[in-house]
Amino acid sequence: MLSAKLQAWFRQNCRDLPWRNTRNPYLIWVSEIILQQTRVAQGLDYYNRFVERFPDVLSLAESDETEVLKYWQGLGYYSRARNMHAAARQIKMQHAGAFPQQYAQVLALKGVGDYTAAAICSFAYNQPYAVLDGNVFRVLARLFGIETPINAPRAKREFSELAQNLLDKTHSAVHNQAIMEFGALQCTPQSPDCGICPLQEICNAFCNKKVNMLPVKLKKATAKERFFNYFFVKNGDFTYLKKRESNDIWKNLYEFPLIETATASYINDLLVSENFREIFADSGKIDIAGLPFVQKHVLTHRIIHAVFYIINIEGEPRGDFTKILQRDLHEYPVSRLVELFLERC
Ligand code: SF4
């Protein structure tokens, strides 16, 4: 009965989104990965551009990772793009380019977890796997009055079992989309529309006046603060970029020469620091041009305090930098933080 009500609500209220009008697992996969950490309004544009350039598994598998990252630029959580690219190559190698159809095979793809595998297998193949994302957690917590914190280790099993029991196994695709859409539009985090909710009478939270208390969440650890000092180096028409290669944020994106410090630093201290000398000892006369660009950039687990300096040099910097024409900067994938600087300078 619950599923029937959700599906009836969905038929009347669902948004018309491009990935809803397809059973193509590749397109569903792309949309699900984009929407993992991104609002629909922002993701839609990225989705359309991405599938226009990479319309199928093979076009993605045969592309260069730098180009894939470029199409992802500004979306954040770049491991999603790197993993998709690797997974496309995995499909090409292991499944001759055909998107796998078994849940275990889909789950084995790089970057695909329980939620995404269930979404792909149910939306594309109508297989009986219940999805569990943030929207579903919230809807279930309220409907059943569950007080287990949704980010507690035991929550996933408890909510997964419930979601699977509620699934309409003959209409998995519609059921799953219905409960997610219901969470996104009706049973929203801050202002659920309980007054016109078709589930009001059976909603534990509504009947017990606990809507604003559910779902319960454990407090997050405080974000780590980091201090980035970037140098946009001009040498005539040239500048210098470095690819971030360590397993840190923004892996495989490009950035300007960087000195990370433990606290905020003055330029005079940076200029005489060991790190600065290591990069610029052979660079000849160094001029600092104009005022620095200061930007606080908030990520999920980190707060980056960034300062960008524009400097003119006559020699070369030391280190593993790529020397490029400044006018070619737009060809390289960069973080949203670097993009913000480029938009302003
Ligand atoms: S009554 Fe309110 S809290 Fe309960 S399911 Fe409906 S919208 Fe959500």
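User: Is Asn252 buried or exposed?
Analyst: Asn252 is buried, with a relative accessible area of 13%. Buried means under 20% relative accessible area, exposed over 50%, and partly exposed in between, computed with a 1.4 Å probe on protein chains only.

User: What should I know about the model itself before going on?
Analyst: This is a predicted model, in which local features need pLDDT of at least 70, side-chain atom pairs count only at pLDDT 80 or more, and totals for chains, interfaces and linings use all residues. Residues are numbered from 1 along each chain as its sequence is written, and side-chain values use heavy atoms, with hydrogens and water left out.

User: Thank you. Back to Asn252: what is its phi?
Analyst: The phi of Asn252 is positive, about 70°, although this residue is not a glycine. Asn252 lies in the loop between β2 (238-243) and β3 (254-255). These labels denote DSSP runs numbered from the N terminus: helices (H or I) have at least four residues and strands (E) at least two.

User: And what about the phi of Lys209?
Analyst: Lys209 also is not a glycine and has a positive phi, of about 55°. Lys209 sits in the loop between α12 and β1. With a relative accessible area of 73%, Lys209 is exposed.

User: Which residues does the cis peptide bond join?
Analyst: The cis bond joins Leu214 and Pro215, with omega about 0°. Pro215 belongs to the loop between α12 (204-207) and β1 (224-234). As background, most residues other than glycine have a negative phi, and most peptide bonds are trans.

User: New topic. How many aromatic pairs are there?
Analyst: The count is 23 aromatic pairs. Rings of Phe, Tyr and Trp (its six-membered ring) pair if their centres lie within 6.5 Å; planes under 30 degrees apart count as stacked, over 60 as edge-to-face and the rest as tilted.

User: What is the arrangement of Tyr230 and Phe308?
Analyst: Tyr230 and Phe308 form a stacked pair, 4.9 Å centre to centre and with 25° between the planes. This pair links distant parts of the chain, since Tyr230 is in strand β1 and Phe308 is in strand β6 (residues 302-312), 78 residues apart. Tyr230 is buried at a relative accessible area of 0%, and Phe308 is buried at 1%.

User: How is the pair of Phe293 and Phe308 arranged?
Analyst: Phe293 and Phe308 form a tilted pair: 5.7 Å centre to centre, 50° between the planes. Phe293 lies in strand β5 and Phe308 in strand β6, so the pair ties together parts that are 15 residues apart in sequence. Both Phe293 and Phe308 are buried.

User: Which residues make up the aromatic cluster?
Analyst: One cluster is formed by Phe228, Tyr230, Phe232, Trp250, Phe256, Phe293, Phe308 and Phe341.

User: Which ring face does Lys242 lie over?
Analyst: Lys242 lies over the face of Phe321, at 4.9 Å from the ring centre. Likewise, Lys323 lies over the face of Phe238, at 4.8 Å from the ring centre. A charge sits over a ring if NZ of Lys or CZ of Arg is within 6 Å of the ring centre and within 35 degrees of the ring normal.

User: How many cavities of 30 Å³ or more are found?
Analyst: The search of the whole structure finds 2 cavities of 30 Å³ or more. The largest cavity has a volume of about 120 Å³. Among its 14 lining residues, Cys187, Pro192, Cys194, Cys197 and Cys203 lie nearest its centre.

How values were computed: 1 Å grid on protein atoms, 1.4 Å probe; cavity = no way out; pocket = protein on both sides within 12 Å on 5 of 7 lines; lining within 4 Å. Points joined across faces, edges and corners; volume = space filled by probe spheres on them.
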